[in-house]
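Keep the sequence at hand as we go.

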Amino acid sequence: MTKVELRGVGIAYESEVVVSELDLTVSSGEWLALIGPNGAGKTTILRAIARLVSYQGEIQIDGKAVHNLTGRELARRVAMVMQEPHMPDGMSVSQYVLLGRSPHLTYFGKEGRTDHRVVADILERLSLDRLAARPLDHLSGGERQRAAIARALAQQAPVLLVDEPTSSLDVGRQQEVLELIDALRAEQGLTVIAAMHELTLAGQYADRLALLVGGKLVAVGAPADVLTEPAIAIHYHAHVRVLSLNGSGRAVVPVRSHLPSPPGEVVP
Amino acid sequence: MLILGRRLPAPPAPPLALLQGLPRLPWVWAVAGLAALLGAATLGVLVGPVHIGLGTVVQALLAPIPWFGASSVDPSQASILWSLRIPRVVLGALVGGMLATAGAAYQGVFRNPLADPYLLGAAAGANLGATLAIAFAPGSSLIGVNLVPLAGFVGAALAVAGAYALGRTVTGLRNTIGLILAGVAIAAFFNAIQTYIQQAQTNNIRQVYSWILGRLVTAGWDGVLLVLPYVAISVAVILLHRRLLDALSVGDEEVTSLGISARRVRLIVVVAATLGTAAVVAIAGTIAFVGIIIPHTVRLLVGRSYRVVIPLSLLFGAAFLVLADTAARTVAAPAELPIGVITAFIGAPFFIVVMRSTRAAAL
């Protein structure tokens, strides 16, 4: 069970400020979704927690500053599932997932029995055991996403960062992947921080939402507090209806604001 | 199991083949590689202007072993074998194995199928060094070592170090692209200087040209002893990086998120591969294509994991160069063809055949 804290975090690419003055605390075992319009800095924040970009301010995992950890120490605490993970052609699922054991190996180390056992258990848990020997380039979109999650789980890190877990998946696979992440969070006490652009999914799976606009945090709280029609109109410039689902869950439905003009008619 | 009336839980059965689909060195191919090397070496020792039979070769090989001491091998034949043919075969194996292993390593750290051991300017640097030595200090030596190979070694090492330093300063590009472009620039610059000197010193042009095309001319074991330590260290370091080379295939960013420093792996592997490449190039010249063709052939036949590609490239690279060298000195006997001509002439069509008959997607 692990807490993640960001204090006064600022991130700039070259001279362009992408995230500024961000304070955010993610409790142990919580699912926090980073939401916001395109370019709001959601992915950048995940990359900063995984120390893939340099940042100002302080990011702590269970009170330990991320910048003081070695690469391996950090990878044993934080695992990241990229939006479009690179999956080398010809590499088998088991070999790919076994890469997730790297943080537990020394530089010249070789995977041992324990590593194989951990990977075998994860493959079984994610129903990938029958695909263990299959090359990654032969997998479907949903299977690839499961393989990417399996590799992150093999790191046995308490914090799981997920970047747009449902992009390019059909609605069935979207539910499957999110239910899986939620179940794993409960089973293994993971702290999940996910960048999500699907508000309806974020509003049902996450405990809390952090709404970012232009690199600044404008709202944070339960879905019911953050996903309001006025807030979405202001920050996304979108016309939506927000529906209440399953108690605290929220669904966001885009609504067309103007009816199209009949053909031939000239709109003044 | 019953001990003092209490049933102990059965120990968990050791799982066999717990994980399927992990790359393993296929024994068939490892044995095939050893057999190819042995066959090529046997051919290399047997073939030459003076006929020496297989029996004589076996006797000569056994002669230094105490129990087989009393040998009836003609001393002149023994001398041909021990001071000409055997060292040449061993040198060929070292050079071929090194170039193929370094090529595979470069392809791994640069994630680029077109990478070869000369990618960062090792060949251009060696050529320039050797040309300078041939043109301005012919026949000289430094501390008992002929200056030409020494200059070739230093030139190769300097070129790669320069490309690395230059590539590291390029920002805004992916790390490997910056390095590759720096290597291209360094190689072009060194080639320009080398061509200028070569044209200005036309009396040495033949010697320079023959050096560039590569040859394994050797008398005695000096060449072997010179390259052996470099090749041994270089190959050992690259072999130790097999797992990390596989890990690098997911890209710099993801490998970093797994706690592996892509930069560090790249630096160590490039230094090791360059050390070995510079040593063999200094002795044998800039033999082309081995570093590309052998690793790719292995990949096409056996798979892409570096756990398999590196050791098999070592074996098949060694066998291939011994065979190419045997062809180089027999095809136009008594004249000797440059070995670089043979490696490309045999290697390229062979590679095309392998490529066409297997899944080209494996590249």
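## A walk through the two chains

Start at B:Tyr230, which touches B:Leu275, B:Gly276 and B:Ala279, leaving aside residues up to four places away in sequence. Keep in mind that this is a predicted model. B:Tyr230 sits in helix 8 of chain B, which covers residues 222–240. Is B:Tyr230 buried or exposed? It has 22 C-beta neighbours inside 10 Å, so B:Tyr230 counts as buried.

Now look at B:Val280. Not counting residues up to four places away in sequence, B:Val280 touches B:Leu94, B:Val95, B:Met98, B:Leu99, B:Val227 and B:Val231. B:Val280 also turns up in the largest nonpolar core, a set of 195 residues, where the residues with the most contacts inside the core are A:Ile49, A:Val78 and B:Val280. Helix 13 of chain B, residues 306–330, gives the most to this core, with 17 residues. As a bit of background, nonpolar side chains tend to be buried together in soluble globular proteins.

Next, trace helix 3 of chain B, which runs over residues 75–110. Its 36 residues reach 51 Å from the first C-alpha to the last, close to the 52 Å expected at 1.5 Å a residue. There is a bend in helix 3 of chain B, though: about 35° at B:Leu81. How many of the 36 residues of helix 3 of chain B are buried? The count is 26, so helix 3 is largely enclosed by the rest of the structure. Just after helix 3 of chain B comes B:Arg111, with a positive phi of about 45°.

B:Phe289 is another spot in chain B to click on. Its phi is near 75°, a positive value in a residue other than glycine. You'll find B:Phe289 in the loop between helix 11 (262–284) and helix 12 (290–302) of chain B. A loop residue it may be, but B:Phe289 is buried, with 21 other C-beta atoms within 10 Å.

Over to chain A, whose secondary structure comes to 9 helices and 12 strands. Chain A has a radius of gyration of 20 Å, close to the 18 Å that the globule rule gives for 268 residues, so chain A is as compact as a globular protein of that length. Along its principal axes, the C-alpha trace of chain A spans about 70 × 40 × 40 Å. Buried residues make up 43% of the 268 residues in chain A. Of the contacts in chain A with a separation of 6 or more, 66% are between residues 24 or more positions apart.

While you're in chain A, check A:Glu21 in strand 2, residues 16–26. A:Glu21 is not a glycine, but it has a positive phi of about 45°. With 14 other C-beta atoms within 10 Å, A:Glu21 is partly exposed.

Finally, see where the chains meet. The contact takes 30 residues from chain A and 25 residues from chain B. On the chain B side, helix 9 (242–248) and helix 10 (252–257) each supply at least two residues. Helix 10 of chain B gives the most to that side, with 4 residues. Sorted by class, the side of chain B that touches chain A has 11 nonpolar, 10 polar and 4 charged residues.

Methods:
Residues numbered from 1 in each chain as written. Chains lettered and ligands numbered in written order. Predicted model: local features only at pLDDT ≥ 70, side-chain atom pairs only at ≥ 80, totals over all residues. Core = buried A, V, L, I, M, F, W, Y, C linked by C-beta atoms within 7 Å. Buried ≥ 20, exposed ≤ 12 C-beta atoms within 10 Å, placed from the backbone. Contact = placed C-beta atoms within 7 Å. Nonpolar A, V, L, I, M, F, W, Y, C, P; charged D, E, K, R; others polar. Rg over C-alpha atoms; globule rule 2.2 N^0.38 Å. Expected span 1.5 Å × (residues − 1). Bend = angle between axes of the 7 residues up to and from the residue.
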